[in-house]
Amino acid sequence: MIVPARVTFLGTGTSHGVPMIACDCAVCTSTDPRDKRLRTSIYVDVPDRQRILVDTSPDLRQQALTHGIDRLDAVLFTHSHADHILGLDEVRRFNAIQGGAIPCYADAATWEALRRAFSYIFDGVPRLGGGVPELEVHEIDGPFTFHGVRVVPVPLWHGRMPVLGFRFGSFAYLTDCNRIPDESWPLLDGVRIVILDALRERPHPTHFTVAEAVGVIEKVGPRRAFLTHMTHDLGHAATNATLPAGVELAYDGLVLDVDVDVE
Ligand SMILES: [Zn+2]
Ligand SMILES: [Zn+2]
Ligand SMILES: [Zn+2]
């Protein structure tokens with residue numbers, strides 16, 4: 001069954017964020033609010049069912065305050081880079097609000113990295129005063145359903161690192177990648193809205209450029225596509241003016257109506 005959901009872009013910036021510290025370039029000093037980019041993350045709200053956060057960016061606290069996020073039913077991780085995990089400690093607040101552990105979904109490699117990066121969460125040592133996020137660990141290695149919402153992980157390459165995109169119904173979120181392996185193309189069949197990594201115009205060893213991203217979008221053939229994870233090289237208005245019909249730069253706070261698959 002397909003039900004409507006809303007996706008909010010909590011952050012659309014690369015690992016440094018935009019503006020970047022100590023940069024006075026035209027984009028970092030722009031007054032266009034769409035040129036302010038926190039670190040990349042989305043929030044998927046399936047009304048009356050689930051509120052899903054994809055990645056815990058270092059800006060999670062600010063993102064939750066800005067968008068009035070008061071509940072997390074699940075967290076999905078795409079990969080373990082710092083700009084996608086370092087806000088994990090903020091989950092403590094949701095533990096307190098909701099009175100329990102938060103279900104978190106990641107592949108085996110990402111869990112291994114999370115256990116190293118956040119050893120205080122996993123070492124079992126009691127700490128005076130508490131202060132440790134409570135997580136429910138779910139290791140994923142294929143499509144899964146939680147509370148009725150069906151999620152299809154889409155394996156991607158991010159340089160030499162295998163990472164996950166996620167498909168929910170007719171919408172796919174594919175951040176931090178520069179290659180879609182042959183076996184993942186069928187997982188994108190029939191997708192109507194795609195969110196895809198597009199770092200900048202110049203080539204990069206682990207991210208799609210804008211031109212490469214547009215090429216992938218033409219091959220997938222969605223109705224609409226949104227680019228994310230941009231550096232300060234890409235001013236919002238100027239870059240958008242160069243994109244083909246149906247392709248746009250995302251921006252922080254953009255909300256999309258999508259369809260997700262539920263049981
Ligand atoms: Zn700059
Ligand atoms: Zn990354
Ligand atoms: Zn990233």
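**Second pocket.** I started with the second largest pocket of this predicted model, and its volume came out at about 160 Å³. For my own notes: on a 1 Å grid over the protein atoms alone, a pocket is an open set of points where a 1.4 Å probe fits, with protein on both sides within 12 Å along at least five of seven lines, and lining residues have an atom within 4 Å of a point. Grid points are joined across faces, edges and corners, and the volume is the space filled by probe spheres set on the points.

I listed the lining: L60, R61, A64, L65, I69, E90, R93, F94 and I97. The elements giving two or more residues to this lining are α1 (60–67) and α3 (91–98); helices here are DSSP runs of H or I with at least four residues, strands are E runs of at least two, and both are numbered from the N terminus. α1 gives the largest share, four residues. By class I got six nonpolar, no polar and three charged (nonpolar: Ala, Val, Leu, Ile, Met, Phe, Trp, Tyr, Cys, Pro; charged: Asp, Glu, Lys, Arg; polar: the others, Gly among them).

**Helix α3.** Next I looked at α3 itself. Its buried residues are V91, F94 and N95 (buried is under 20% relative accessible area, exposed over 50%, partly exposed in between, with a 1.4 Å probe and protein chains only). Down the helix axis these buried residues of α3 fall within an arc of 110°, so they line one face; the arc is taken over the directions from the axis to the C-beta atoms. R93 and A96 are exposed on the other side of α3. I checked what covers the buried residues, and α1, β5 (102–106) and β6 (135–139) are included, with contact meaning heavy atoms within 4.5 Å. G99 follows α3 and has a positive phi, near 70°.

**Largest pocket.** Its volume is about 240 Å³. I found 20 lining residues, with T14, S15, H16, L199 and T231 nearest the centre. This lining has three nonpolar, 12 polar and five charged residues.

**Strand β14.** β14 pairs antiparallel with β1 (2–11) over seven bridges; DSSP must find at least two for a pair. L256 is the bridge partner of V7.

**Bookkeeping.** Residues are numbered from 1 along each chain as its sequence is written, and chains are lettered from A and ligands numbered from 1 in the order written. Local features need pLDDT of at least 70, side-chain atom pairs count only at pLDDT 80 or more, totals for chains, interfaces and linings use all residues, and side-chain values use heavy atoms, leaving out hydrogens and water.
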